Amino acid sequence: MMSECEPNETDPVVADDIAPVAAAAAASTTDLNFRSQEPLSTLFDRNTVGSGTNPGVAIRISGSCESVLTELETDGSGEETLLLPCLSGGTSSPRGERQKRTRRNRRSSSSDKDNLTSPGNSSGDFNHFPGDPEFGDIIQRAEQAIEGGVFPERISQGSSGSYFVKDSKGKILGVFKPKSEEPYGHLNPKWTKYFHKLCCPCCFGRGCLIPNQGYLSEVAASLVDTRLGLGVVPKTKAVYLVSETFHYNTIDRAKSRGKKYALEMVPKVGRHFHRVGLPPKLGSFQLFVEGYHEADYWLRRFEAEPLPENIRKQLQSQFERLVILDYVIRNTDRGNDNWLIKYEKPGEGEGEKVSCAIQIAAIDNGLAFPFKHPDEWRAYPFHWACLPQAKVPFSQETRELVLSRLSDMNFVQDLCEDLYELFMADKGFDKTMFERQMSVMRGQVSSLPQALKDNKTPIQLVQMPRVVVERRRTGGQGRVVTLGTAFTQTFHCKRPFFSSW
């Protein structure tokens with residue numbers, strides 16, 4: 001079984017680790033001789049307003065390559081390494097390898113890739129969204145609010161650290177889920193999962209998922225939703241944010257205070273720090289949707305107050321899109337509390353032309369994209385399979401929306417390559433495990449077209465044999481059906497001990 005959490009990396013011995021107070025005392029009595037006599041220029045991110053900013057704001061200071069003290073630090077937080085622009089140019093990265101790949105009729109997806117780059121790879125801001133300026137503006141508003149003292153608020157629900165991010169007026173902009181604060185992350189503020197991991201490692205968690213990739217799963221679910229045209233996942237991207245209200249360890253906070261003190265008291269020492277403040281956290285940022293309630297809330301009301309026929313059809317269509325999404329990404333955590341419904345009764349004069357009277361939002365997609373079908377203790381079923389809507393065959397509208405795309409192997413392969421470019425940006429990326437994830441997803445996709453053509457219902461869809469479609473290898477186990485020169489289809493027969501179907 002894979003390790004749920006990697007051990008913390010040890011901080012290298014760098015200039016930032018020198019006790020700021022001691023450095024201040026030494027500088028007050030002795031003239032410090034630096035290798036460069038030219039004054040270093042202080043470059044502030046758009047996240048900062050000056051050297052006197054609060055410890056929760058990161059500042060990067062850079063100069064010539066000869067005069068800057070090299071610092072490749074993680075500050076004990078396990079976050080992505082922050083590099084100076086002059087030092088990062090010579091390092092190899094997955095992005096360089098990605099540029100060597102060729103692809104026929106490549107669709108541009110820069111908006112989903114550039115935002116995963118380490119902040120130190122650019123000379124400006126942490127977050128870059130050239131393909132989506134509207135999303136970039138929202139992130140900028142969030143950063144400005146944090147600078148002004150409107151900090152993200154931790155959400156009490158859930159088993160990980162997640163936060164409501166607000167603008168300067170207190171309006172919620174989105175939900176941020178840091179990678180380091182995921183259920184088995186080493187900085188998870190919810191102690192229950194840590195206790196589960198230590199005391200009952202075989203009874204909790206999901207052995208079919210890669211640990212600490214939940215933030216990428218959130219972003220990937222949004223990508224799949226966009227590619228299929230479903231429109232049920234709020235826009236989600238990977239971003240860097242820093243805030244005092246995030247969960248940091250004691251070392252990070254002590255370094256932040258020490259660096260700030262050194263910068264204020266002894267500028268000659270402080271200006272050599274590459275970053276002043278807490279380290280930025282990498283995580284998923286999902287736009288907040290207003291006017292929605294948990295599905296349980298509305299489903300109970302719809303039982304007591306049946307919907308008009310036209311609204312019922314809208315709900316059914318939206319529900320089928322949720323089913324398609326969850327089935328493709330093999331969501332292992334879809335309960336009626338993590339998908340939302342927004343219902344607005346038609347007003348006077350609007351009549352039958354209300355097109356958005358009811359909508360569904362699929363949130364909390366962090367426990368998807370398994371590298372194998374659940375086959376240990378629990379099956380992790382789709383809870384929507386028990387609803388009355390799951391007993392209705394897929395509509396013609398849904399078939400026209402996704403059937404042609406899912407039946408096209410070129411489209412499926414393009415989707416897998418888009419996901420590859422997304423997942424490979426993570427420093428813990430494992431190509432072998434990713435290929436196993438895509439084998440499960442291809443298997444899910446291969447079952448959908450036939451189910452749609454056969455006019456099956458969602459409950460019949462999830463009862464179909466589980467399939468894994470992987471690249472051809474010599475030999476094989478189980479019943480193997482040849483699909484072509486590149487892939488083979490294997491029926492997964494092993495089932496977990498507790499299974500709902």
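Of the 501 residues in the protein chain, 52% are buried, where buried means under 20% relative accessible area, exposed over 50% and partly exposed in between (1.4 Å probe, protein chains only). This is a predicted model, in which local features need pLDDT of at least 70 and side-chain atom pairs count only at pLDDT 80 or more, while totals for chains, interfaces and linings use all residues. Residues are numbered from 1 along each chain as its sequence is written, and side-chain values use heavy atoms, with hydrogens and water left out. The accessible surface of the protein chain is about 23800 Å², and carbon and sulfur atoms contribute 53% of it; these areas come from the Shrake-Rupley method with a 1.4 Å probe, and for residues only the protein chains shown count as cover.

The protein chain has 15 helices and 13 strands, taken as DSSP runs (helices H or I, at least four residues; strands E, at least two) and numbered from the N terminus. Among contacts with a separation of 6 or more, 75% join residues 24 or more positions apart, a contact being heavy atoms within 4.5 Å.

The structure holds 17 aromatic pairs, counted for rings of Phe, Tyr and Trp (its six-membered ring) with centres within 6.5 Å; planes under 30 degrees apart are stacked, over 60 edge-to-face and the rest tilted. One of these pairs is F319 with W384, which is edge-to-face because the planes stand at 90°, with the ring centres 6.1 Å apart. F319 belongs to helix α11 (residues 309-329) and W384 to the loop between β10 (358-362) and α12 (396-406), so the pair ties together parts 65 residues apart in sequence. Both partners are buried, F319 with a relative accessible area of 2% and W384 at 0%.

The rings of F369 and F423 also form an edge-to-face pair, with centres 5.9 Å apart and planes at 65°. F369 sits in the loop between β10 and α12 and F423 in helix α13 (residues 409-423), 54 residues apart. F369 and F423 are both buried, and together with Y420, F429 and F434 they form one aromatic cluster.

Rings also meet charges here. The charged end of K237 sits over the ring of F135, 5.9 Å from its centre, and that of K281 over the ring of Y248, at 4.8 Å. The criterion is NZ of Lys or CZ of Arg within 6 Å of the ring centre and within 35 degrees of the ring normal.
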